[in-house]
Amino acid sequence: WINSKHDWYFARKKGNILERIFFSKKIKFISSILDYTNKTVLDLGCGTGVCTFDIGKNSKKTIGMDISLWAIEKAQYKIKKHDKNIEFLTGDAEKLPFRENTFDIIVNTALFQYFKNPEKIINEMERVLKPKGYTLVEVPYKYGIYNLKPLIKLITSKKDFSHEPINRCYSKKEFKKLFKKFRLVKIYNFYNFSLFGIFQRR
């Protein structure tokens, strides 16, 4: 996945009709489920910025971070003059380049499925999140349609999955257990495709 060159931002804006509908609903959900107003936000695993600009509209500061230099360069190219509160940088989710208690909110979509041992990321998220801060996390739903590759190809126009050597799905029970260090606020089933969890740092 580090070498993936699939531009989800482009898919959201100019992809096939199913892509545009899917991402429209997903971004609307992510943008409305938490209040980002005047908050310092980290969009972890931001890719080409598919969610970052919407999250950053009313935030005090939003940083989009991804390990892929290609994706970050694509995202930086999209920054406009009015996006002064939005910044993109490359970085490793297992070694976040931020001080403790930096962010009010961390958004993390479609990242955890690529790690065998995601505990390192969770520890880093806890470290840089402020006490009582929130994280919004998306994982593929084990019993949903995510595992139906022909359907995923149809929805996303994505043909090559070779850069995804690990692609782990989660049940609600496994998702809760994964974030046991946090207080569970709520888990949402997003169209039987993925699970969104809101967790609060204790």
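Q: Which residues make the nonpolar surface patch of about 250 Å²?
A: Keep in mind as you look that this is a predicted model. One member of the patch, I17, is found in helix 2, which covers residues 17–33. The nonpolar surface patch of about 250 Å² is made by I17, L18 and I21.

Q: How many residues lining the second largest pocket are charged?
A: This pocket holds about 200 Å³ of space, and its lining draws at least two residues each from helix 5 (119–128) and helix 7 (172–178). Among the lining residues are E119, R168, E174 and K177. The lining divides into 3 nonpolar residues, 1 polar residue and a charged group, and that charged group numbers 6.

Q: Is F112 buried or exposed?
A: You will find F112 in the loop between strand 4 (103–109) and helix 5. Since the relative accessibility of F112 is 0%, and buried means under 20%, F112 counts as buried.

Q: Is N38 buried or exposed?
A: N38 sits in the loop between helix 2 and strand 1 (40–44). Its phi is positive, about 55°, although N38 is not a glycine. Most residues other than glycine have a negative phi. The relative accessibility of N38 is 59%, and the cut-off is over 50%, so N38 counts as exposed.

Q: Where does N101, with its positive phi of about 55°, lie?
A: N101 is not a glycine, yet its phi is positive. At 37% relative accessibility, N101 counts as partly exposed. Its place is the loop between strand 3 (86–90) and strand 4.

Definitions and conventions. Residues numbered from 1 in each chain as written. Predicted model: local features only at pLDDT ≥ 70, side-chain atom pairs only at ≥ 80, totals over all residues. Heavy atoms only, no water. 1 Å grid on protein atoms, 1.4 Å probe; cavity = no way out; pocket = protein on both sides within 12 Å on 5 of 7 lines; lining within 4 Å. Points joined across faces, edges and corners; volume = space filled by probe spheres on them. Helix = DSSP H or I, 4+ residues; strand = E, 2+ residues; numbered from the N terminus. Nonpolar A, V, L, I, M, F, W, Y, C, P; charged D, E, K, R; others polar. Patch = residues over 30% accessible without salt bridge, like charges linked within 9 Å, V, L, I, M, F, W, Y side chains within 5 Å. Areas by Shrake-Rupley, 256 points an atom, 1.4 Å probe, with all protein chains shown as cover. Salt bridge = Lys/Arg side-chain N within 4 Å of Asp/Glu carboxyl O. Buried < 20%, exposed > 50% of the residue type's maximum accessible area, 1.4 Å probe, protein only.
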